[in-house]
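Work through these exercises with the structure beside you. Try each task before reading its solution.

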Amino acid sequence: MGINNFIKSLSTEKVNDFVYNQYKNKIRCNNLRLYLEELKQIKPKYLLVGEAAGYQGCRLSGVPFTSELILLNGINKLNTFGKDKGYQKTKEQEVIQKEKTATMLWEVLTEINELPLLWNAFPFHPFKNDNKNSNRTPTKEELLQGEKFLKSLINLFDIKNIIAVGNVAEVTLNNLGYKTNKIRHPAYGGKSKFKKQLIKILK
């Protein structure tokens, strides 16, 4: 499966009433395409797998662990993202959004000068009740739904070194039979430990 077919499969995937498929939007699909094509050229050594798309991050940008602010401003040191590369914002929110987890992750990656591939165990945005501006842990059924996309991406990039960011990602990867290193999620006061553990693995 190539990048275009991978993104097409995401965009046509049916989700339940408490999940938002951000890839039904052409701008987000293009953002993801640009990102994956860029990483394909770089040939990353590592894959970081998170839990699910967040409402202030991937839900709006289309790129895992990445907010609109990072997407549009770019990361100069790593020569990635930015308007000049074609990344765009949707009209869903008037104000450009930023996300704590995305900010913390990219601060660490910039500091250690490493550009791994990023993905989530569940690639879509699970929300609470009818509040789309909220996040929740994906259910077992949703994680099973996300497994095929995770497996396809790993095969597409042929990555051997996989890092699980948090428990949910670790369980999903183990279920698929992949060996992984687990690190602390940077949210809820975990930035310091996350940084220390990530540096230890990448360096």
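**Exercise 1. Count the helices and strands, then write down their order along the chain.**

Solution. This is a predicted model. Start with the count: the chain holds eight helices and six strands. Now read along the sequence. The pattern runs α-β-α-β-α-α-α-β-β-α-β-α-β-α.

**Exercise 2. Decide whether the radius of gyration agrees with that of a compact globule.**

Solution. Begin with the length, 203 residues. A compact globule with 203 residues would have a radius of gyration near 17 Å. The chain has 15 Å, which agrees. Next, take the box along the principal axes: the C-alpha atoms fill roughly 40 × 40 × 35 Å. Then turn to burial. Of the 203 residues, 53% count as buried. Finish with the contacts between residues at least 6 apart in sequence: 70% of these join residues at least 24 apart.

**Exercise 3. Describe the surface and the charges of the chain.**

Solution. The accessible surface comes to about 10300 Å². Carbon and sulfur atoms account for 47% of that surface. Now the charges: 33 side chains are positive and 19 are negative. The centres of the two sets lie 4 Å apart.

**Exercise 4. List the buried residues of helix H1 and find what covers them.**

Solution. Helix H1 spans residues 3-11. Its buried residues are Ile3, Phe6, Ile7, Ser9, Leu10 and Ser11. Look next at the cover. It includes helix H2 (26-42), strand E3 (117-122) and helix H6 (140-157).

**Exercise 5. Is His125 buried or exposed, and which side chain does its own side chain meet in a polar contact?**

Solution. Locate His125 in strand E4 (residues 125-126). Its relative accessible area is 0%. Buried means under 20%, so His125 is buried. Its side chain makes a polar contact of 3.3 Å with the side chain of Arg59. Beyond four places in sequence, His125 also touches other residues, including Phe18, Tyr20, Tyr55 and Lys132.

**Exercise 6. Where is Thr80, and what does it touch?**

Solution. Go to the loop between helix H4 (68-73) and helix H5 (100-112); Thr80 is found there. Thr80 has 2% relative accessibility, so it counts as buried. A polar contact of 2.9 Å joins its side chain to that of Glu38. Leaving out residues up to four places away in sequence, Thr80 touches Glu38, Gly74, Ile75, Lys85, Trp106 and Leu115.

Terms used:
Residues are numbered from 1 along each chain as its sequence is written. This is a predicted model: local features need pLDDT of at least 70, side-chain atom pairs count only at pLDDT 80 or more; totals for chains, interfaces and linings use all residues. Side-chain values use heavy atoms; hydrogens and water are left out. Buried means under 20% relative accessible area, exposed over 50%, partly exposed in between (1.4 Å probe, protein chains only). Helices (H or I, at least four residues) and strands (E, at least two) are DSSP runs, numbered from the N terminus. Contact means heavy atoms within 4.5 Å. The radius of gyration is taken over C-alpha atoms; the globule rule is 2.2 Å times the number of residues to the power 0.38. Accessible areas come from the Shrake-Rupley method with a 1.4 Å probe; for residues, only the protein chains shown count as cover. Lys and Arg count as positive and Asp and Glu as negative; His and the chain ends are not counted. The place of a charge is taken as NZ of Lys, CZ of Arg, CG of Asp or CD of Glu. A polar contact is a pair of N or O atoms within 3.5 Å; within protein, one must be able to donate a hydrogen and the other to accept it, and residues adjacent in sequence count only if both atoms are side-chain atoms.
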